[in-house]
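User: I would like to learn how to read a few features of a protein model, going through them one at a time. Please give me the general idea each time, and then the case at hand.

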Amino acid sequence: MGANALKEIPERQNYSTVLLGVQMPDERLVTLTRSVDGGNFGLYRSDIRSGPLAPPDETLTPKHNVASETNISRFFLACIGLDGRRVRKNLRNATDSLSFRNVVNLCVVDETQMQADTPPALTGNYVTRTKEVSVLKMFLQDSDDSDLVEVESKSDVAKVSAAKIEVIDRMLANLEAALADAPEATILRDQLARLNSTIEQQSASIGGLLERRATVNSELRSQQDQFSKLEVEWGDTFALQNRFFLLHRKYLSDLARLDTVREAGNLLGYFAVGTCVFCGAEAEDQHYNTDCNGEATNFGSAIDEQSRRTRALSDDLQSTIDDLVVRRKELKELARLSSAEQSRLRSRLADDERTLAVDNSALNEYIRKRSDVERSLGLYDQIESLEKMKLVVLDESTAETAAVSTSVSLRAQREFSRELVDRLKSWGYPKPTEVRYDASVQDIIAGDQMRSAHGKGVRAILHGAFTLALAQYCSDRVIAHPGFVVLDSPLVTYRPPDQPQVDVGEPPRDVVAAFYRDLQHNSTGQVIVMENTDPPEALDDQTMDIVFTASETGRYGFFPVP
């Protein structure tokens with residue numbers, strides 16, 4: 001978790017690297033590695049349980065650094081959603097960035113801390129007490145101290161008070177000079193009320209005019225769109241008419257050629273019955289189904305048929321041309337009407353614009369006058385604010401600014417105390433309803449007695465209950481928490497009130513059994529308990545029971561024998 005060094009014990013001599021597997025909130029598995037001699041962490045984004053180790057995916061430094069994300073503290077904080085939080089560190093509301101070292105003592109409790117008379121949320125270090133209280137408050141109320149504004153001490157305030165007052169006096173003098181010719185504030189407020197009434201009436205009048213202008217504009221746009229469509233249709237009909245004229249002339253040219261051919265055939269006798277003009281055969285010698293059979297007569301009929309068809313097409317085309325001419329006249333009339341309507345609408349718009357210009361001019365004058373009145377009233381307000389500020393500065397120079405309270409809210413205390421009671425009740429702790437958390441002393445009160453005043457066995461079990469209750473409290477309310485708890489020896493020294501407090505012997509079996517039973521059924525997240533006594537009942541399939549044997553059978557100890 002970022003400690004500086006491990007204890008020098010013989011069991012660690014053959015080890016060079018420690019591996020820690022961690023499951024992320026999104027269920028991804030990562031592995032952290034570190035030398036037993038300390039140094040940086042190696043981060044592998046996979047589940048690794050043996051060597052040799054490849055180069056890590058990322059390297060993390062052990063010391064918290066708010067300016068860098070490549071350290072173990074910010075890595076853990078980012079995983080649980082606490083990165084970027086700030087906590088108060090002194091009575092002047094100065095804040096510091098949250099470090100994972102500020103969090104870890106609330107979820108990892110060693111044997112010394114478990115039995116100490118120091119309150120569970122504190123480490124006993126006077127310098128860090130304010131920050132430790134703020135961290136606990138952050139968990140219980142799900143809010144940090146980012147919004148706190150640091151205040152100056154009494155001595156610092158005294159140094160700048162005189163300068164502040166001098167600046168304020170100069171500003172007051174400038175404001176009073178600016179108001180030398182202005183009426184009193186009461187007169188200005190009356191003027192402002194009258195101007196607002198006049199402006200409201202004038203605005204209503206202009207509003208109606210604007211609505212009418214918007215209607216005329218809409219009609220004008222509609223007429224312009226219609227005129228554009230008429231222009232497009234006019235152009236299309238003009239193009240069609242020109243093409244149809246060309247086609248009609250082609251039909252007339254074809255008819256003229258056919259007439260010429262017919263006339264030439266008549267003159268040359270091509271179409272008369274008798275001697276064949278093509279082969280010279282007499283009528284009685286002409287035969288059907290030959291190349292020249294009736295060609296003269298058929299050729300004349302073909303010319304007549306082609307002339308008839310061409311004349312019919314020409315007549316149809318002329319009818320279409322006449323329709324286009326009529327449509328063009330209609331389009332011209334519609335365009336004329338649309339243009340006249342546009343001229344009328346533009347004239348109405350011009351009249352409305354002239355009326356609006358006059359009304360706007362009057363309204364702008366009223367608004368200008370109101371702006372002058374408001375500016376003068378604003379100067380009076382500034383004078384009033386500066387005078388109040390001057391009084392505050394004078395008070396600050398004689399009295400120290402009060403710091404913001406770091407007390408936990410009564411609701412959070414009550415709900416957390418209920419979590420404590422439920423946990424102790426399930427363990428069979430005597431009179432659990434008399435246990436509560438008191439933020440005024442930052443300690444647990446049990447039986448009208450602070451935890452620090454009890455024996456070390458009661459202190460240990462109350463500390464364990466505090467740590468587990470905090471984890472469950474955060475889980476039930478979806479508040480960020482590391483998600484695991486490590487307790488060292490929470491039960492071994494505990495004795496109920498009817499048993500003597502001794503340092504040796506077994507703790508009561510019913511309490512121990514209830515303790516483990518509660519952890520298996522009523523705890524969210526991972527709980528690791530290091531204890532010198534075995535659970536009196538078999539644990540369920542989801543719970544791992546590792547016995548350290550100090551012998552060659554089983555697991556030798558926390559550091560297995562290689």
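User: Which residues are buried in H8?

Analyst: A residue counts as buried under 20% relative accessible area, as exposed over 50% and as partly exposed in between, with a 1.4 Å probe and protein chains only. In H8, the buried residues are Ala412, Gln413, Glu415, Phe416, Ser417, Glu419, Leu420, Val421, Arg423, Leu424 and Trp427. Please keep in mind that this is a predicted model, in which local features need pLDDT of at least 70, side-chain atom pairs count only at pLDDT 80 or more, and totals for chains, interfaces and linings use all residues. Residues are numbered from 1 along each chain as its sequence is written, and side-chain values use heavy atoms, with hydrogens and water left out.

User: What covers the buried residues of H8?

Analyst: Contact means heavy atoms within 4.5 Å, while helices (H or I, at least four residues) and strands (E, at least two) are DSSP runs, numbered from the N terminus. The cover of the buried residues in H8 includes helix H4 (129-141), strand S8 (435-438), strand S9 (443-446), H9 and H10.

User: How many residues does H8 have, and what span is expected for it?

Analyst: The expected span of a helix is 1.5 Å times one less than its number of residues. H8 has 18 residues and reaches 26 Å from its first C-alpha to its last, close to the 26 Å expected. Just after H8, Gly428 takes a positive phi of about 80°.

User: Where do the axes of H8 and H10 come within 7 Å, and at what angle do they cross?

Analyst: Axes are lines fitted to C-alpha atoms, for helices over the stretch in contact, and angles run from 0 to 180 degrees between N-to-C directions. The axes that come within 7 Å belong to residues 410-427 of H8 and residues 509-522 of H10, and they cross at roughly 130°. H8 is therefore oblique to H10, since angles under 35 degrees count as roughly parallel, over 145 as roughly antiparallel, 65 to 115 as roughly perpendicular and the rest as oblique. On the H8 side, Arg423, Ser426 and Trp427 take part, and they meet Val511, Ala514, Phe515, Asp518 and Asn522 in H10. The residues of this contact divide into 4 nonpolar, 2 polar and 2 charged, where Ala, Val, Leu, Ile, Met, Phe, Trp, Tyr, Cys and Pro count as nonpolar, Asp, Glu, Lys and Arg as charged, and the others, Gly among them, as polar.

User: What is the order of the strands in the open sheet of 3 strands, and which strands stand at its edges?

Analyst: Two strands pair if DSSP finds at least two bridges between them. The order here is S7-S10-S11, with parallel pairing. Strand S7 (108-109) and strand S11 (526-530) stand at the edges; each has a single partner strand, so one side of each is left without a neighbour in the sheet. S7 pairs with S10 (residues 484-488) over 2 bridges, with Val108 partnered by Val486 and Val109 opposite Leu487. S10 and S11 are joined by 5 bridges, and Asp488 stands opposite Met530 in S11. Of the 5 residues in S10, 4 are buried.

User: How many strands form the sheet that begins with S1 in its order, and is the pairing parallel or antiparallel?

Analyst: In this open sheet, 4 strands follow the order S1-S2-S3-S4 with antiparallel pairing. Strand S1 (17-23) and strand S4 (58-60) are at the edges, and the twist averages 25° from one strand to the next. S1 and strand S2 (residues 29-35) are joined by 7 bridges, and Gln23 stands opposite Leu29 in S2.
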